[in-house]
Every structure is written in structure tokens, then in C-alpha cells.
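I opened my notebook to look up a few things in a protein model. Here is what I had on screen.

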Amino acid sequence: APLASKAGSAGTTSKPPFPELDFRSGARVEELNKLIQEFTKHDQREYDDQRALEIHTAKDFIFSMLGMVQKLDQKLPVANEYLLLSGGVREGVVDIDLDELNVYARGTDYDMDFTLLVPALKLHDRNQPVTLDMRHSALCHSWLSLRLFDEGTISKWKDCCTIVDHINGATNYFFSPTKVADWFYESISIVLSEIQKKPQRGMPKVEKVEKNGTIISIILGVGSSRMLYDIVPVVSFKGWPAVAQSWLMENHFWDGKITEEEVISGFYLVPACSYKGKKDNEWRLSFARSEVQLKKCISSSLMQAYQACKAIIIKLLSRPKAISPYHLRSMMLWACDRLPASYLAQEDYAAHFLLGLIDDLQHCLVNKMCPNYFIPQCNMLEHLSEDTVMLHARKLSSVRSDPAEHLRTAIEHVKAANRLTLELQRRGSTTSIPSPQSDGGDPNQPDDRLAKKLQQLVTENPGKSISVFINPDDVTRPHFRIDDKFF
């Protein structure tokens, strides 16, 4: 009887469940989740009407400038299609080496960053897999012969080519990424110089124009915002490269969520060469257009973990530059293929995903193996030395031992950047400075007049369709349209 009563009392006493812990660090998973949420809150800011209009004005200025570049010597395609990506090249939105880029910091140098892929050449009439000349280059890279194009194109671009004479007397022109980048930088500089000779009220202020390797970085001041545009000259293709054809045969996490046509609608060559490649001739395959589509299929909790992990590794693994955020992006895509969709969709699993991404990255470093997602036979870490990979693996080990502390540091960094941005905005609004590069005018005219005008129109016209049009030849004069009436 006493034994029975003890058993009964034991059954009615339930201890509270022990908090879930990370075995390696001892960190509470719940705390890590909260830290990731806090990082996301500060990293992803909401934009008010004024900031949205400033972003629009900067974009229009850049597009207008590129139109003027096209008019200079007619090299760029007349009907061009740009790919605008949120985040600069340093954020890993495209696979370009970071060791040639100057260091810019959010808050200190800019408030928002974008990458713009600008086709210098387009091959858009191919229905079959595109075969590239990869005889001279490493996997995932290619040379580009202008033989694929007409005589007019060759004539326009031959000064941006390296010339190879064959034994049979034929001359082959290979499109040179370095020469194209040089031409692009010079052309943009000429156009910006012309624009600045006739400054107009409301026109963005060009705060910085720099050539970083083969990309051109422009920082614009618009009202109280500073926007970084990394402009990348590319070669644009419709269709899919033959070298990545086998990837389409495999099962992927996006199957059934988006169509294959959306994924393989096109690819690019970006101006980046392999570790031992010839910089003047070698381009790198980029699947940025496909990655935009794949991103739609990634859960918000995994994206939050990825952004937090990226913030940690950008600071920690910056010297020597061996790991880029693009490597982390590739590992995330592989994880999506490897793990069940139901698991990755769990909203409260961001901490698990963060720890998993750190483990994955450390595994790749220790094994010196990170396959390109679209061309798996290409190992993106193959060129690194044993000393470099072990140095970074040890640094990641310290993160894995105390992820909470590294998350707090990342939060402090993003909060400090936001404070710098807010301080700049406050100074701009309290001093009521005229618009950048203004023509004088009324010094008390506030910079947010366009936002106020739009807000007034929204209030006075409930339920109506309101659009803002800006003339590409004069980005300073907004035109509002309410339904079919212009103001």
C-alpha cells in the first residue's frame, strides 16, 4: 500500500519542462530566438512616404544617367533590361570577389544599398541551352567571343576586347571584363560631370563615385538619405547554360512552388575571374535572376537566421577575405534541398537554423568544400590555403561556443548604424537645408515637400489610384496622376 501511494503521488507531480538548450554552447534556444527577432527588427526598417520617394528619386536618377551613358557612344543596348537587387555587392547578392572592394559601412557611408546589373551585351534569341567557351577557364567561368554577335556589335565593342590571332589568319575578339569596366567607369564619370554642370533643385547629390575592381560604386544623397548603388556591367542571356543542365534533372525545394520557366528564364556573366584565371578575359556565371525567384520559396524564419548569420560573419571573417556572404547564401540553398520543407517552415526555429548555418559553414571550411548551388562540380573554396580555412574555422568555433554574445554584438552594430542614419535625418530636418545640388531658391523650403504633397493627395482622394511619374530627362519635376488626371 505505501508503495502504491508513492507511485500515485509521483504520477501527479509533474516538473516544468526544462528549457531547450543548445548542447554546444549551453545557450537557451528561446533567448537566441528573441535575439534574432531583435536583430531583424533593427535590420529591417519600415520606410515612410518621404524615404520611399527618396528611394524612387535615386533610382530614377541612376536610370536616367544610364540612358545618357547609352547616348554617349551607343554601346549599351537601346532597349535594356536591368536587374535591381536589394543589398550591395558586399552583402553577397552576387558572386563577386570582395578583396578588391573598398570598405563601406552602413550608417557611416550609406543608409541603403542596392546592386544594379546592367547588360553591356545581350544574347536573348536562344531557345536551346547556351554553350559557352570554357576551354580556357575554370569551372563556373567563361571567355566570351564576339563571334556570337553581328559585325556592328564587334565594331562598337572591339576597343573593349582582347585580340587573339589564329594560325589561319582569323582574328578573334574576346570581350574583356576589365576593359568593359574601365569604359563603363569613364562613361559614367563623363555623364555625371555633365549633369553636375547644370544642377537642378531636388536632384540627388553625387557624394562618391569609385571604381571597385570591375564594379562602379555610386553613393547618392537624396534629402536626408544616402544610397549606395553598386553598378555591375554584365552580359545577359535568355535561357540556361549547358554546363548547368544536369542541375535541372535533380529534385529541389522549389519544385511545385514556382515553375521551371521562372527559374531558368536567364543568367548572366559578371566581371569576375577565377583564382588562377586571366582577369582580362574571364567572366563568372551568375544566376542572380534565378536566385530572386528561389528566395520566394525560403521561409521567413530561415531568412532571419541567414541575415543574422551574415551580419556575424561579415565582421568576424573579414581578414583575410576568404569567405563572402555569397558562400553562406549557397549553403542556405543546399540546406533547403536537404531538409524537409515542413521543418524549415517552423516559425520558432530561427535559432536552430542559425546554429545549423554556422555548423554548415564550419564544415565547409574544415573540408575546404563549398559547391556552387547551380554548378555543384564547382568548388568555391578550392583555391584557399589550409592555413586560411583553419583560421576561419577556429573563429567560427568561438561563435558556436557563444552565439548569444555574437548576436548581441551584431544587434549593437545595426543599432549604431541606425542611430547614425537618424542623426543625419535630424540634422537635415532641423536645419531645413535646401535639396542637395539645389539652385538656391528658398532656403526654408523643406526637403519633404514631395512627401507632404503625396500625403495630401492620398487624404483628399480616398480609394483612388495615385501614381507618381518622374521625367527621366528631368528627375526634379514630379507629376502626380489620380486615376486619369495629371497634377
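My entries follow, from the whole protein down to single residues.

**Ground rules.** This is a predicted model, so I noted the limits: local features need pLDDT of at least 70, side-chain atom pairs count only at pLDDT 80 or more, and totals for chains, interfaces and linings use all residues. Residues are numbered from 1 along each chain as its sequence is written, and side-chain values use heavy atoms, with hydrogens and water left out.

**Overall.** I found 14 helices and 13 strands in the protein. Both are DSSP runs numbered from the N terminus: helices are H or I with at least four residues, strands are E with at least two. Of the 487 residues, 49% count as buried. Buried means under 20% relative accessible area, with a 1.4 Å probe and protein chains only. I also looked up contacts (heavy atoms within 4.5 Å). Among those between residues at least 6 apart in sequence, 72% join residues at least 24 apart.

**Cores.** Next I looked for nonpolar cores, meaning sets of buried Ala, Val, Leu, Ile, Met, Phe, Trp, Tyr and Cys residues joined through side-chain atoms within 4.5 Å. The largest has 113 residues, and F175, F184 and I218 touch the most other members. Helix α11 (residues 350-367) gives the most to this core, with 10 residues. A second, separate core has 16 residues, among them L85, L98, V234 and V270. Back to F184: leaving aside neighbours within four places in sequence, F184 is in contact with residues including L66, V118 and P233.

I checked strands β6 (residues 205-212) and β7 (residues 215-222), which pair in the antiparallel sense over seven bridges. Strands pair if DSSP finds at least two bridges between them. V206 has L220 in β7 as its bridge partner. The hairpin has two residues between the strands, and G213 takes a positive phi near 65 degrees there.

**S290.** Is S290 buried or exposed? S290 is buried, with a relative accessible area of 0%. I placed S290 in helix α7 (residues 288-295). Not counting residues up to four places away in sequence, S290 touches W240, V263, G266 and F374.

**Cysteines.** How many disulfides does a search of the whole structure find? The search finds zero; a disulfide is a pair of cysteine sulfur atoms within 2.5 Å. C370 is buried at 0% relative accessible area, and C273 is buried at 12%.

How values were computed:
Buried < 20%, exposed > 50% of the residue type's maximum accessible area, 1.4 Å probe, protein only.
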